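Please look over the sequence and the model below before reading on.

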Amino acid sequence: MSSESYDVVIVGGAAVGSAVAYFLTHDLEFSGSVAVIERDPAYTHAATTLSAASIRQQFSTPENIRMSRFGVEFFRALKQRVGADADIGFRERGYLLLASENGEATLAANHAVQQAEGADVVLMDRQALADNFRWLKTSDLVLGAFGRSGEGWFDAHSLLMLMRNAARQKGVRYIHGEVTGIARAGARIAGVTLADGTHISCGTLVNAAGPQAGDVAALAGIALPVEPRKRCVFVVACRTALPDMPLMVDPTGVWIRPEGEVYICGVSPPEETDPRATDFEVDYALFDEVVWPMLAHRVPAMEALKLQRAWAGHYDYNRLDQNAVIGRHPEIANFIFANGFSGHGLQQSPASGRAVAELIVHNRFVSLDLSLFGYQRIIEGRAVRELNVI
């Protein structure tokens, strides 16, 4: 049984964990030793690589908007940061959130928050929607919110590899293993044990374990209401051209966006049919009964769409409020959370990585105050309500 020691151990090496490693070793110039433990080094089942890989400013919580605005800044500066070859295929085509009469007031209120934060989002009435998106059925719509810039989609695997490789070049060690035990010494985390028996001591432990974050926290005796939930992505072809299609979100929650010559789409299932995920089986009934009928209604040309393939991924669902948990544990000070993003972890990975790195180096948030997302609210059961969860 081998034994190792690092100043910082990060559990989970996908987007959030790799972002922590990247910002620690680059922006924060941390000189200590850093290890990232990843159980799936090919990222075959990672939430990062199985996601719809999109970024938006259209949230209702200022902190969420600020995190994604930094994500866009980071994307735009990648060539300066990691080299001229850096390319994540960022398509800045916008989000289009649609509202019927029921959702009009919420969409308008959210837009006011977004404007105050400097997001480039415009409201469109029914006529403007019809004029700008001629393929869209607007008769039962009242309002739309369209992100003119700072929103779109990108290649998740490319972003992950850029951050991971840059961190490794600065000496971060990526270890293939699964954490099966966490040792506490009083009010501190002493280290972790891997499935192969390796013991790794740490100065600070960062939980960036994505959908498994609740299980990892439980190893340290910490209650964290984060669990894997299954989300299916369907790939469809449409013979009719749909010019300038953004990532569109229907009032029903069905979403769709272009992906090269085809489109990807999906919907979050109702809470009562959305248990903890245990497999990666695609729920084709969700497509047949919910997604396709809604797309055919909203985009009449899609009545003739063809389902080409589909996949299922897990995302880290925060049962309390579908928002991130970021920060130190109030009693176990060297345990740091970066969890529970509930579908917006990839786009918020640069901001959360920087925030956690700042906590490690400066013991406080420097760039963005993310204390709203602290663990104390989990203890108190005090939800942060984000109205735009897709």
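Between which strand and which helix is the loop that holds Arg-56? In this predicted model, Arg-56 is found in the loop that runs between strand β3 (54–55) and helix α2 (62–76). Although Arg-56 belongs to a loop, this residue counts as buried because its relative accessible area is 3%, and the cut-off for a buried residue is under 20%. A polar atom of the Arg-56 side chain lies 2.7 Å from the backbone oxygen of Gln-58.

What surrounds Leu-346, once its neighbours within four places in sequence are left aside? Its contacts are Ala-15, Thr-48, Ser-51, Ala-53, Phe-154, Ala-156 and Leu-159. One of these, Ser-51, is 295 residues away from Leu-346 in sequence, and yet the two C-alpha atoms are 8.2 Å apart in space.

Ala-19, by contrast, has its place in a helix, α1 (residues 15–25), and it is buried with a relative accessible area of 0%. With the neighbours within four places again left aside, Ala-19 is in contact with Met-163, Ser-349, Pro-350 and Gly-353. Ala-19 and Ala-208 are 189 residues apart in sequence, while their C-alpha atoms are 9.8 Å apart.

**The sheet**

Eight strands make up an open sheet with mixed pairing, and their order across the sheet is β5-β6-β4-β13-β14-β15-β12-β16. The edges are formed by β5 (121–125) and β16 (306–318), each of which pairs on one side only, and from one strand to the next the twist averages 20°. In general, the strands of a sheet pair through backbone hydrogen bonds, either parallel or antiparallel.

| Strand paired with β15 | Sense and bridges | Residues opposite each other |
|---|---|---|
| β12 | antiparallel, three bridges | Val-235 and Ile-264 |
| β14 | antiparallel, five bridges | Glu-259 and Val-262 |

β14 and β15 also form a hairpin with two residues between them, and Gly-260 in that turn has a positive phi of about 65°.

**Helix α8 across the sheet**

Helix α8 (residues 284–298) lies across β4, β12 (226–237), β13 (247–249), β14 (255–259), β15 (262–266) and β16, and it runs at about 55° to β12. Its 15 residues reach 20 Å from the first C-alpha to the last, which is close to the 21 Å expected at 1.5 Å a residue. At the N-terminal end, Asp-283 caps α8, with a side-chain oxygen 3.2 Å from the backbone nitrogen of Ala-285.

Which residues of α8 are buried? They are Leu-286, Phe-287, Val-291, Met-294, Leu-295, Ala-296 and Arg-298, and the buried residues of this helix pack against β4, β12, β13, β14, β15 and β16.

Most residues other than glycine have a negative phi. Asp-244, however, has a phi near 60°, and Gln-322, which is not a glycine either, has a positive phi of about 55°. Asp-244 lies in the loop between β12 and β13, and Gln-322 in the loop between β16 and β17 (325–328). Is each of these residues buried or exposed? Asp-244 is exposed because its relative accessible area is 57%, whereas Gln-322, at 16% relative accessibility, counts as buried.

Technical notes
Residues numbered from 1 in each chain as written. Predicted model: local features only at pLDDT ≥ 70, side-chain atom pairs only at ≥ 80, totals over all residues. Heavy atoms only, no water. Pairing = 2+ DSSP bridges. Helix = DSSP H or I, 4+ residues; strand = E, 2+ residues; numbered from the N terminus. Axes fitted to C-alpha atoms, helices over the stretch in contact; angles between N-to-C directions. Contact = heavy atoms within 4.5 Å. Expected span 1.5 Å × (residues − 1). Buried < 20%, exposed > 50% of the residue type's maximum accessible area, 1.4 Å probe, protein only. Polar contact = N/O pair within 3.5 Å; in protein donor to acceptor, adjacent residues only side chain to side chain.
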